Protein chains: 2
Amino acid sequence: MKKELDLQKILEIIRKVVKQDTGQEIMLHEPCFRGNEWRYIRECLDSGWVSSAGGFVDRFEKDLARFTGARHAVAVVNGTAALHIALLLLDVNAGDEVLLPALTFVATANAVSYCRAIPHFVDSDMRTMGIDSEKLADYLGYMAEIKNGTCYNKRSGKRIKAIIPVHIFGHPVDMDPLLDIAGHYHLQVVEDAAESLGSTYKGRHTGTLGRIGIMSFNGNKIVSTGGGGAILSNDDVLAKMARHLTTTARITRTWGFEHDRVGYNYRLPNINAALGCAQLEQLPRFVAAKRCLAQAYGEAFKDLQGVDIFTEGDNVNSNYWLNALLLNQEYAMQKDALLQLSNEAGVITRPVWELMHRLLMYRDCPRMDLSTAENLFDRIINLPSSAFLGEHYV
Amino acid sequence: MKKELDLQKILEIIRKVVKQDTGQEIMLHEPCFRGNEWRYIRECLDSGWVSSAGGFVDRFEKDLARFTGARHAVAVVNGTAALHIALLLLDVNAGDEVLLPALTFVATANAVSYCRAIPHFVDSDMRTMGIDSEKLADYLGYMAEIKNGTCYNKRSGKRIKAIIPVHIFGHPVDMDPLLDIAGHYHLQVVEDAAESLGSTYKGRHTGTLGRIGIMSFNGNKIVSTGGGGAILSNDDVLAKMARHLTTTARITRTWGFEHDRVGYNYRLPNINAALGCAQLEQLPRFVAAKRCLAQAYGEAFKDLQGVDIFTEGDNVNSNYWLNALLLNQEYAMQKDALLQLSNEAGVITRPVWELMHRLLMYRDCPRMDLSTAENLFDRIINLPSSAFLGEHYV
């Protein structure tokens, strides 16, 4: 085997797959506004209802519920706000521990902090990049104990209240074993589907498999509302309370303004929902294009020794939000060189987020062995993944 | 004097002032999108940058800083988020007390709660509807003590860290005596200018008189971005930290994603900022129209016994965000009847917010005598105040 990867060759392959001319900058992920975006926003402006009241918020929620199969969708300002509310709804309190992957975007851990709870980091599965349930079961087996139907960390003495599986880059976590473990240990499940709108696990949409799921419609997501997010749930009571908590806990009075608890100003503005309605109409097309792009990357890199394109597992259908090139272990030290080469050439690539347990504010949080997450961190490079780049292949 | 107000007469006067046909519903406050809103949003969509990165956010911040005279403006998702960050920046911590009026929108108190601090309610001044500095000075004189440059509540033993003057309905608080008191007691000042964009105090824009000010651009405000807010400050360090905290405390690396503390996802999306840029261009016109409308209400109600239209004090220039009809004390019991009559007739009027110390979650918070706030609550009815209703008078 060669001692070094041919980085120029990798760059050439990327350019060939995305079919963009040399010299043209290729972003990591751009939204695509070619549907009814303009029409709906115009309608919204003409109606004068641009804020949290207005028809597009209701419609966006209904469309999202229909698409995902969730009984309820509650639209909020972003995925972080959705996570915060989801944890509050499941009674995550000050001093509780919440299990989440070290390999995730910082919002997952921050939402736990907002509840004054403690992130407790768990390792990833090489096959899904999400939580490794087998390793988790072993860990909980010696670290956790159940007393009166509540799970405790034997070392810290603290309650372990919930677990947040994150569908990294849109790839569904293997949810069945994870739900089994959660059931056994009485852990509430908040599914972080921020990246996985359009991804399914055994035919069911991600975000609808736990008691609550959350989504994001940030500018870099498969569907964008500028900034936006949603809480999904099949539970009528939770969904009603989500709506209440995200609208300053306001009580409906004939004319008055009353509030029955400390609430949040988290509702999605109508103008952002208008954008969302137009985007959701195009979602099936976006998913198809992104899956084709992933396949094209897979084909193109098939014969290149030393790298792999990450592909979905069995029983799942991924939206391939961000394609990941995995350098073989022996070439991991070339990651920065490849990032430099490609970015300087205008082909925007990115490493994965710094692992949570290495961030200043989360260094002292409890954690298990995180060797797989650390290994993935060393080897992942995200490739340009905008839906329109895959349209040639549909 | 008559025993009862002629409510039909009041309704007639309102209709006459706003010059709208009988039968047409007249909202309390509608935004007005007749400028470059569409053009800028279209530009924003065409650029593909709808989220937190993008040129309109920068431009909106610069325009806002120029208009208010603040050295820095940091655009965020809403006024509540702005307040939350402002308090964090001024080191408001768990267990601290923060002084704020009982007569305000619930967000003012909620932001204090988000910092795990304790709202401490103070009374209002009949002339400004904002904090009564004279009464506050008396209260602090016997309730507070200064030890080592820090103010403490002698009863609770807790640190009193900050004070939040709120410019109610756009009417500037009498800031000079309030700033004197804050200086004397070492209190940080966060100016809640959510309602007072366009209002000045002795020639200086509200929101720029304390160390930090906040604004709101919700759908019901004089300028709307759908949902939006801003942090204003003349302090370079505070502004830089505001930007950092509202963008997930992300550190700029060549390609990586690092964060050095628990941050927030609070930046204003670019598409909302595009709306804001167009709205700010029209702000001087909106203020002029609203001031004319207020004058027209004042003229029209001048000769009606038993009610007054609230007018600005000396040395200030109010944006008259919401006009307030004040029932004389002896007619206060007719408030609900007038609300019912007008709303049923399609003339939307509203009582002021329920006072903070009467809300379930804030009932046990410390407070001074709140008799003026209670009296104002009994007597205020907000009248239709959209800028376009005043255009006839400009």
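This is a predicted model: local features need pLDDT of at least 70, side-chain atom pairs count only at pLDDT 80 or more; totals for chains, interfaces and linings use all residues.
## Basis of the model

Local features are given at pLDDT of at least 70 and side-chain atom pairs count only at pLDDT 80 or more, whereas totals for chains, interfaces and linings use all residues. Residues are numbered from 1 along each chain as its sequence is written, and chains are lettered from A and ligands numbered from 1 in the order in which they are written.

Counting residues as in contact if their C-beta atoms, placed from the backbone, lie within 7 Å, 51 residues of chain A are in contact with 51 residues of chain B. Because 100% of the interface residues of chain A are also interface residues in chain B, the copies meet through the same surface.

## A sheet in chain B

Strands here are DSSP runs (E, at least two residues), numbered from the N terminus, and two of them pair if DSSP finds at least two bridges between them. Seven strands of chain B form an open sheet of mixed pairing, in the order E1-E11-E10-E7-E6-E2-E3, with E1 (72-76) and E3 (118-122) of chain B as the edge strands, each pairing on one side only.

E1(B) runs antiparallel to strand E11 (residues 229-233) of chain B, and five bridges join the two; B:Ala75 has B:Ala230 in E11(B) as its bridge partner.

Note on methods:
Two residues are in contact if their C-beta atoms, placed from the backbone, lie within 7 Å. Helices (H or I, at least four residues) and strands (E, at least two) are DSSP runs, numbered from the N terminus.
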